[in-house]
Amino acid sequence: MECARCHSELVEGAAYCPHCGSPQPNAPSYDDFNYTAFISYRHREPDANVAKRLHRALETFELPAELAHERGTRRLGRVFRDEDELPATGCLPDSIRSALERSEALVVVCSPHTPDSRWVQQEIELFASLHGRNRVFCVLAEGSSAESLPDILRYRTELLEDGTTLGNTITSNRNLTI
């Protein structure tokens with residue numbers, strides 16, 4: 001399967017292209033969410049500690065009264081964080097894929113080691129292809145954003161009218177430092 005706009009290779013069932021961000025025609029709808037967020041992180045310090053603290057903070061956070069009334073609950077909801085190392089295979093386990101499909105947002109804990117993690121990269125690509133890039137948030141655990149954000153979060157491929165592609169730096173004010 002490939003993107004209808006930039007012709008990048010896509011995962012099966014992609015609703016969005018993780019590279020150019022365009023919605024795909026006839027894409028499935030992923031509206032049955034079981035998790036408010038999925039936390040993606042490297043299983044090493046400081047990332048693992050930040051992910052654990054973030055998980056606890058998100059699940060215990062109390063919404064302001066007006067928003068709680070609108071949502072019908074004081075809590076944000078369940079947050080997915082895998083606590084075990086991923087297997088040595090080259091693809092994401094079905095349990096991870098399923099959790100990504102059923103998550104409203106992806107929170108990526110970033111440090112200078114994050115760009116080297118193929119698992120974090122695969123989780124970002126899969127989530128972005130299923131739900132788009134607008135629901136991906138970064139938490140900077142250590143280092144600068146220039147050295148800690150994976151390229152897929154720093155750049156977006158643009159397809160120009162002449163058919164050539166251009167990589168643009170994405171600037172965002174949605175990054176949070178703990």
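Guide: A residue is called buried under 20% relative accessible area, exposed over 50% and partly exposed in between, with a 1.4 Å probe and protein chains only. This is a predicted model, where local features need pLDDT of at least 70, side-chain atom pairs count only at pLDDT 80 or more, and totals for chains, interfaces and linings use all residues. Numbering runs from 1 along each chain as its sequence is written, and side-chain values use heavy atoms, leaving out hydrogens and water.

Visitor: Which kind of aromatic pair do Tyr35 and Phe80 form?

Guide: Rings of Phe, Tyr and Trp (its six-membered ring) pair if their centres lie within 6.5 Å; planes under 30 degrees apart are stacked, over 60 edge-to-face, the rest tilted. For Tyr35 and Phe80 the centres are 5.4 Å apart and the planes 70° apart, making the pair edge-to-face.

Visitor: How many residues apart in sequence are the parts that this pair ties together?

Guide: Strands are DSSP runs (E, at least two residues), numbered from the N terminus. Tyr35 lies in strand β1 (residues 35–40) and Phe80 in strand β2 (residues 79–80), so the separation in sequence is 45 residues.

Visitor: Which kind of pair do Phe38 and Phe80 form?

Guide: Phe38 is in strand β1, 42 residues from Phe80 in strand β2. Both residues are buried. With 4.8 Å between centres and 20° between planes, the pair is stacked.

Visitor: Which residues do the ring pairs link into a cluster?

Guide: The structure holds 2 aromatic pairs. Together the ring pairs link Tyr35, Phe38 and Phe80.

Key: Helix = DSSP H or I, 4+ residues; strand = E, 2+ residues; numbered from the N terminus.
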